[in-house]
Amino acid sequence: MSEIALLTTFASLNLSARILDTLSAEGYQTPTPIQAQAIPPVLAGRDLLGCAQTGTGKTAAFALPLIELLSAGGRPGRRQQRRVARALILAPTRELASQIGQSLRTYGHRCGLRHTVIYGGVSQHRQVRDLEAGVDVIVATPGRLMDLMDQGYVDLGAVEIFVLDEADRMLDMGFIEPIRQIASNLPEDRQTLLFSATMPPKIRQLADSMLRDPVRVSVAPAASAAPLIDQTLYHMPEEHKLAVLGHLLRDERFVRTLVFIKTKHGAERLAKRLRAQGVASGAIHGNKSQGQRERALDEFRTGRCRVLVATDVAARGLDVDGVTHVVNFNLPMEPEAYVHRIGRTGRAGAKGRAISFCSREERGLLRGIERVLGKRIDTREVPAGFELAPEPPSAPVDSRSIGTLPRSPASRPAGARSTPRRGPRPGSKGGHGKNGETPRPSSPGSRRRGAVRGGHRAVRPR
Ligand code: AMP
């Protein structure tokens, strides 16, 4: 670890008292490694190339010095009749842009800076109104910003600091050309900060063309940097996944669970099936309107929904504190996405758990992921009993949705008949593995025989 990273207090990073007060009010005690490395050179006016991903504290790594620089020398805007944007932050998605906006509000509320967040998919009315009123910082996704620039609403001529966040995601989403065009409207003598989780050759080229003698800082990807994320994988046929997930979610320790799935349609259907099992679940994917996404996110944040089912694209930049579990219902097509996904749990010192389901067809993807991680993921077997066997006539269940798993009363869909039961409730608490996530089914045969008490004939977690 570099000398800089050994500095352990925010005060030693030369941040002003009002920002230090805000940070202690937020409960931040020490800077994360990316913050310790990035804040001093950014405050010194240097360009920066940061290799870090969501979950490492990178937003504060650029937002804190940015606020400090813009608010130094008195409240901004006093010198000007109307505020003109002095910083531009570009992010690939509206969720990430909104979250950066929230961070600016949190960290900068004592500094008198005004900012606006600009993204597509909503009316431009409020955004235009904010721009016309004058802001110090614009946070934007590239597409809508270009639209508003074309309409003459955006003046970038006074930008002193330009931040490009999640540059590799920008590349994936085809934003590199728009970024170049936007950058060509910025003053040459600005300060530029570029953050990217990965550094493929195209990002290096972009960095070379935009940054001047940058300081390079890097933190290891979440997977290796975060021993706090406990990773487990279960092999199972695709058609068993819903049953296993439903079973896992009966455990109360799955307080806030983010489930990743391959398709938009699949996300919607899975959330619906989980709701039918009595698990409060929402979905977030590209077919939802901004309002619907925000509602789903809000319900997840506030705990009204315990489960949020998301596609990778929809979840980009999503930042929710206290995610206890990430479940990969499908393995991602790109190995790097695995690291992004699991980085949503185990944040800021909390223990997080990532559980992946892998069907036979996904084994090639698993090999790719393990290559990127540089290690094997701890693998456990799903015990017998999750097979989709015919239901005994006395147990009216929807075999499409839960196979043969026993249901607790809470998870029974409305209208389903209850069957008298002897012994403890299947899936009830007690006898959980160390993480409380080893599926423990009672097989249909054993339920009939009454041989499995409470469904706890289980596979002991290793
Ligand atoms: P980010 O990587 O910017 O998405 O930040 C990840 C999470 O860590 C956010 O929820 C931040 O509020 C939180 N965070 C950032 N910096 C710190 C810090 N120094 N101490 C504690 N939490 C932090």
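How do the residues of the shell around the ligand divide into nonpolar, polar and charged? The views below are of a predicted model, in which local features need pLDDT of at least 70, side-chain atom pairs count only at pLDDT 80 or more, and totals for chains, interfaces and linings use all residues. Residues are numbered from 1 along each chain as its sequence is written, and side-chain values use heavy atoms, with hydrogens and water left out.

**View A. The shell around the ligand.** The shell divides into four nonpolar, eight polar and four charged residues; Gly is counted as polar, and Asp, Glu, Lys and Arg as charged. Of the 16 residues around the ligand, Y28, G55, G57, T59 and D321 come nearest (a residue is near if one of its heavy atoms lies within 4 Å). Domain 1 (10–218) and domain 2 (229–422) both contribute to this shell, so the ligand lies between them; the bounds come from an automatic or database domain assignment.

View B. A backbone N or O atom of G57 is 2.7 Å from a ligand oxygen atom. A ligand nitrogen atom lies 2.9 Å from a polar backbone atom of T30. For K58, a polar backbone atom is 3.3 Å from an oxygen atom of the ligand. The protein buries 86% of the 510 Å² that the ligand exposes when taken alone (Shrake-Rupley method, 1.4 Å probe).

**View C. Strands β9 and β12.** Strand β9 (residues 257–260) pairs with strand β12 (residues 325–328) in the parallel sense over four bridges; pairing requires at least two DSSP bridges, and strands are DSSP runs (E) of at least two residues. L258 stands opposite V326 in β12.

Notes: Polar contact = N/O pair within 3.5 Å; in protein donor to acceptor, adjacent residues only side chain to side chain.
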